[in-house]
Amino acid sequence: MPDNQKKMIITVLGSGTSQGVPVIGCNCPVCRSKDPRDKRLRTSILIQTPQVTVAVDAGPDFRQQMLREGITHLDAVLITHEHKDHIGGLDDLRPFIFMNKNPMPLYVSDTALPEIKREYSYAFEEHPYPGAPTYDIHRLDESPFDLGDLHIIPIKLKHFTLTSYAFRIGSFAYVTDLSEISDDIIQRLQGVEYLIIEALQRKKHYSHLTLDEAVDVARRVGTRKTWFTHCSHSMGLAAEVNRELPEGMMLAYDGLKLAISNGIASQEIFQKSISKSNKAKSQ
Ligand SMILES: [Zn+2]
Ligand SMILES: [Zn+2]
Ligand SMILES: [Zn+2]
């Protein structure tokens, strides 16, 4: 097993649910908020190590997220599941595909692949139109795999009637789009110190975790720090929700970076990102 925890930077590309925040046409206090932490593009993260740059999902905001973060190279995309907010940006992988002069490796489950083939049928034709994206499909199941210096352990999740995958890398895990937490999942997350997990809203939902459910997972796993992602506008203002959350837990926000070095996440980077967003808030 490669020593995957030597160095890794996680960037929250987007922390919002499927409609994003603000929601088109909504006039609620969260959608009108000037706080940058209340502006949420569709959920995704980027993982960077000295050897590889990997995105988890490429949703409808992927292009904007790559431009915002100044990403010039991408080695692979891991797909959690086939909902549009997670795969809507797969056509925008083309600049990376053209730069790499190679099809983009996609790690996709057997259940998500048919949907991707349907949505992007032009990429899977026998003789695709010139300029169509090209993908190098790798089968994603619960078997761990290596990507450069990353050792990735997928964890299968139940997302109402669908299957979604969480990804654990050493002391870090990214868990989104799930409706149930089993003892088995908690077991597989044991030892995770830094967790990004979805919390849609406070009210019970058929296919997503509520804030209380996500807090409970963090407690049961015993994480050091937890950030909640895939948030809806109905969650409330980030500043207010953060005040209510237990020590070591907060809502994720777009652009949040966390540097993990030898299994320990750098506080400095959190503080820098937080003070930057606070500064922007007061302007
Ligand atoms: Zn709203
Ligand atoms: Zn979903
Ligand atoms: Zn989603």
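The model is predicted: local features need pLDDT of at least 70, side-chain atom pairs count only at pLDDT 80 or more, and totals for chains, interfaces and linings use all residues. Residues are numbered from 1 along each chain as its sequence is written, and chains are lettered from A and ligands numbered from 1 in the order in which they are written.

Select residues 62–69, helix 2. Helices (H or I, at least four residues) and strands (E, at least two) are DSSP runs, numbered from the N terminus. Its buried residues (20 or more other C-beta atoms, placed from the backbone, within 10 Å of the residue's own) are F62, Q65 and M66. Seen down the axis of helix 2, they fall within an arc of 95° (taken from the directions from the helix axis to the C-beta atoms), so they line one face of the helix. These buried residues pack against strand 1 (7–14) and strand 2 (44–48), where contact means C-beta atoms, placed from the backbone, within 7 Å.

Next, select 104–108 and 135–139, strands 5 and 6, which pair in the parallel sense over five bridges; pairing requires at least two DSSP bridges between two strands. P105 stands opposite D136 of strand 6.

Finally, show the open sheet of seven strands, ordered 7-8-9-10-11-12-13 with mixed pairing. Strand 7 (145–147) and strand 13 (249–251) are its edges, each pairing on one side only. Strand 12 (225–229) runs parallel to strand 13, joined by three bridges; W227 has M250 as its bridge partner in strand 13.

Key: Buried ≥ 20, exposed ≤ 12 C-beta atoms within 10 Å, placed from the backbone. Contact = placed C-beta atoms within 7 Å.
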